[in-house]
Amino acid sequence: MINFSIAVLALIILVCIGIPVAYSMGISSVFYILLVDPQYLEVLPNRSITGVNNFLLLAIPFFILAAEIMGKSGLTSKLFNFARLFVGRFQGGLAFVNIVASTIFGSVSGSAIADVSGLGVIEIQAMTEEGYDKDFSVALSAGSSLQSPLIPPSTTVMVYAGVMGVSAGALLMGGLGPGLMIALTQIIYILCIRKKRNFPRDNKVYTKEEIKHILTDGLLTMMLPVIIIGGILGGYVTATEAAALAVVYALFLGFVYYRTMTWKSLQECLWNACKTVGNLMLIVAFANAFSWVAAIEKVPDAIAAILMSISSNKYVLLMVVNIFYVFVGMIMDTGAAIILFAPIIGPVLTMVGVNPVHLGIVTVMNLTIGLLTPPVGLVLFTAVNVSKRPFGAVVKAFIPFIIISYAALIVVTFFPEIVTWLPKVCGFAIAAV
């Protein structure tokens, strides 16, 4: 255990000095093996390959590529205009538009980073032009992106399904309720503060022709999640096949219908998707290797013993796990955290009666909120970069959105039906809670 503690310390130091998480885990694994037995080095590539050799993970490149194509086709602005048409006229209208547009975009991209870096730029610019405080605009744009990893399709949920062997369809449907709950808490927050902060109304006036085009564009864009979710629920396609169909539909919109895509922009989409997928798969591979190192040292058994010594009540253990994931989410990539800790924590909580689908969504919610928190919050740093605002000012504006997100998490933790009701309705086999 001393050697493993040294490896963990090495991992923390490497992450803190700026080494990418994937490489930090790989280097730490090699360091541990050299300390224990260099002959184990031949196991490292095998464990890494095993980590990415999962059919469910094939859906992730397609989902990421579909989101890239939608962004290059200019569909993010069409989604924003679609939401603006319906909710922009109220006081604080553009704040509501921000939340609604990000929720819809989440059903297209499944990525909080894609939301902030793509749609977030449009949202921040529109809100600041209407007189909103820029730091608030940045914080809201980042906070509203938290729906994306929960609302299907979700690359994070697919990673969890692949690692834990839980039904991908059940997890995808289970995330919809919590994703909408986060959006609802943000809307309630805006309703509570809009008069005090004197939020403006959106004064944009539309002609009948503009309304027609906005509605058409919005409905065409929203067909993408319909294809994905409808195909999976209808049993016509697997999650991976639905992701491939999403790419085909996005290409149709970009090249045939709107004609905003070119071969050059497609090359850019492919390159960006390759970089994102490559980074994610490296994390999956090296995290699997590091988890093997933990298994050698029987760390899972030690953690299980600690959890069971605290309590046998599933809700007490869920709150302990929530607190643990809060700190993990602050310092570790979401995918890496799932691969390292979900196989350890999952069996223990399932044993005391926690539904596997409920636990999966609670885990994803925890780590997704961690994307907003320093020191490694990727959404936080992406928002700071795209807005060109001081880090300290933006972090201060983030605090209310972090608080209400954790409030939503607590509700989902104690009311598992928020997660399990839709998978049950859709016909997925859900274990009793």
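What is the volume of the largest pocket? It comes to about 1100 Å³, in a model that is predicted. Let's walk through it, one selection at a time.

**Stop 1: the largest pocket**

Start by selecting S111, I113, T276, N279 and L378, which lie nearest the centre of the largest pocket. They belong to a lining of 40 residues. Now colour the helices around them: α2 (21–36), α4 (59–72), α6 (93–109), α7 (112–129), α9 (155–164), α14 (263–296) and α17 (334–351) are the elements that each give two or more residues to this lining. If you colour by residue class, you will find 21 nonpolar, 15 polar and 4 charged residues in the lining of the largest pocket.

**Stop 2: the second largest pocket**

Next, select V8, L11, I12, M332 and F341. These are the closest to the centre of the second largest pocket, out of 20 residues that line it. The space here is about 440 Å³. Which element gives the largest share of this lining? Show α1 (2–16): it supplies 6 residues, the largest share. Two or more residues also come from each of α14, α15 (299–310), α16 (314–331) and α17. Keep the class colouring on, as the lining of the second largest pocket has 20 nonpolar residues, with no polar and no charged ones.

**Stop 3: α2 against α14**

To see the contact, select A22, Y23, M25, G26, S28, S29, Y32 and I33 on α2, then L282, I283, F286, A287, A289, F290, W292, V293 and I296 on α14. By class, this contact has 14 nonpolar and 3 polar residues, and no charged ones.

**Stop 4: α18 against α20**

Finally, move to helix α18 (residues 356–369) and helix α20 (residues 391–414). Are they roughly parallel or roughly antiparallel? The packing angle is about 170°, with the axes 10 Å apart, and that makes α18 roughly antiparallel to α20. Show side chains for H358, V362, M365, N366 and I369 of α18, and for S405, Y406, A408, L409, V412 and T413 of α20, which make the contact. Here the classes are 7 nonpolar, 4 polar and no charged residues.

Note on methods:
Residues numbered from 1 in each chain as written. Predicted model: local features only at pLDDT ≥ 70, side-chain atom pairs only at ≥ 80, totals over all residues. Heavy atoms only, no water. 1 Å grid on protein atoms, 1.4 Å probe; cavity = no way out; pocket = protein on both sides within 12 Å on 5 of 7 lines; lining within 4 Å. Points joined across faces, edges and corners; volume = space filled by probe spheres on them. Helix = DSSP H or I, 4+ residues; strand = E, 2+ residues; numbered from the N terminus. Nonpolar A, V, L, I, M, F, W, Y, C, P; charged D, E, K, R; others polar. Contact = heavy atoms within 4.5 Å. Axes fitted to C-alpha atoms, helices over the stretch in contact; angles between N-to-C directions. Parallel < 35°, antiparallel > 145°, perpendicular 65-115°, else oblique.
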